Amino acid sequence: MHSVIICSETDDASQNVARHLLKRAPWTQCSDGPAQWTYGNLQLLVIKDRFIKQEALIRALHAAVLIFSSRHESEKQKGPVFTAHFTGDINGSQHMSPTLARAAPRALKLVVKRLQQLSDIKVLVEVTHHCPCTVNIPSLFVEIGSSKFDWTNDALGDIMAQAILSLDSLPLKLKCVTAVGFGGPHYAQRHTDILFSSEICYGHIFATYQLERLSPAIVQEAFEKSQAKFAYFDRKKMGAEGDRLRLLVLNLGYEVLRKSDI
């Protein structure tokens with residue numbers, strides 16, 4: 001089954017990456033189905049609208065993994081940066097209960113490690129945020145930040161394209177030891193460091209500012225949709241929620257990893 005790369009015409013970084021994907025590999029144009037091009041085990045789909053408005057189309061795709069190529073915008077994180085994260089809404093709304101998309105832990109680990117190998121640009125894993133949230137195919141966002149200058153930078157678009165294309169030849173279906181992450185800032189530096197320095201993969205990650213809103217149901221969903229068996233706490237940054245979440249995780253039948261376990 002193919003992995004599908006999704007780019008948006010409304011997103012400068014996404015279009016930058018799409019151009020370099022098409023330059024970097026001998027794609028074949030598709031004659032049917034939503035994807036426009038295919039290369040090896042990858043398909044490329046360029047949509048006309050924003051990613052969050054495409055949930056119906058996305059649910060209709062038949063794919064092993066979905067890779068959303070996007071811009072990253074931040075007032076705090078200045079300068080060029082590559083980011084990756086999973087999606088989900090832990091707050092819910094009048095139209096939707098709190099829900100998480102299925103995570104692709106191995107794909108995320110492989111693509112961020114490849115980004116790190118290809119350049120000296122900072123690579124960070126972010127905590128789970130925004131939609132699409134109802135995606136039942138393992139998915140991840142890979143992003144170029146943090147300003148229009150960076151989004152349209154050809155060198156950055158080419159590096160991201162190379163990292164994504166490397167997924168064609170890597171075993172995405174192999175399981176890895178996966179943890180759900182808790183604690184720390186939005187840019188999950190502690191969890192990013194562990195991802196790079198160990199064999200552990202990460203599924204959903206939640207920042208300290210999100211912890212008080214994590215119900216037993218959403219924590220259970222995070223483990224299930226990450227295919228994780230462990231939790232890892234950024235212990236110094238758990239705040240008042242540390243004891244509650246530790247007991248919650250243990251009561252759900254999952255282990256809490258310590259630094260010595262890694």
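Visitor: Which cysteine does a disulfide join to Cys131?
Guide: Cys133, with an S to S distance of 2.0 Å. A disulfide here is a pair of cysteine sulfur atoms within 2.5 Å. Note that this is a predicted model: local features need pLDDT of at least 70, side-chain atom pairs count only at pLDDT 80 or more, and totals for chains, interfaces and linings use all residues. Residues are numbered from 1 along each chain as its sequence is written, and side-chain values use heavy atoms, leaving out hydrogens and water.

Visitor: How many disulfides are there?
Guide: The count is 2. The other bond links Cys176 and Cys201, S to S 2.1 Å.

Visitor: Where do Cys176 and Cys201 lie?
Guide: Cys176 is in the loop between α5 (154-165) and β11 (178-182), and Cys201 is in strand β12 (residues 201-206). So the pair ties together parts 25 residues apart in sequence. Helices (H or I, at least four residues) and strands (E, at least two) are DSSP runs, numbered from the N terminus.

Visitor: Is Cys201 buried or exposed?
Guide: Buried, because its relative accessibility is 0%. Buried means under 20% relative accessible area, exposed over 50%, partly exposed in between (1.4 Å probe, protein chains only). Cys176 is buried too, at 18%.
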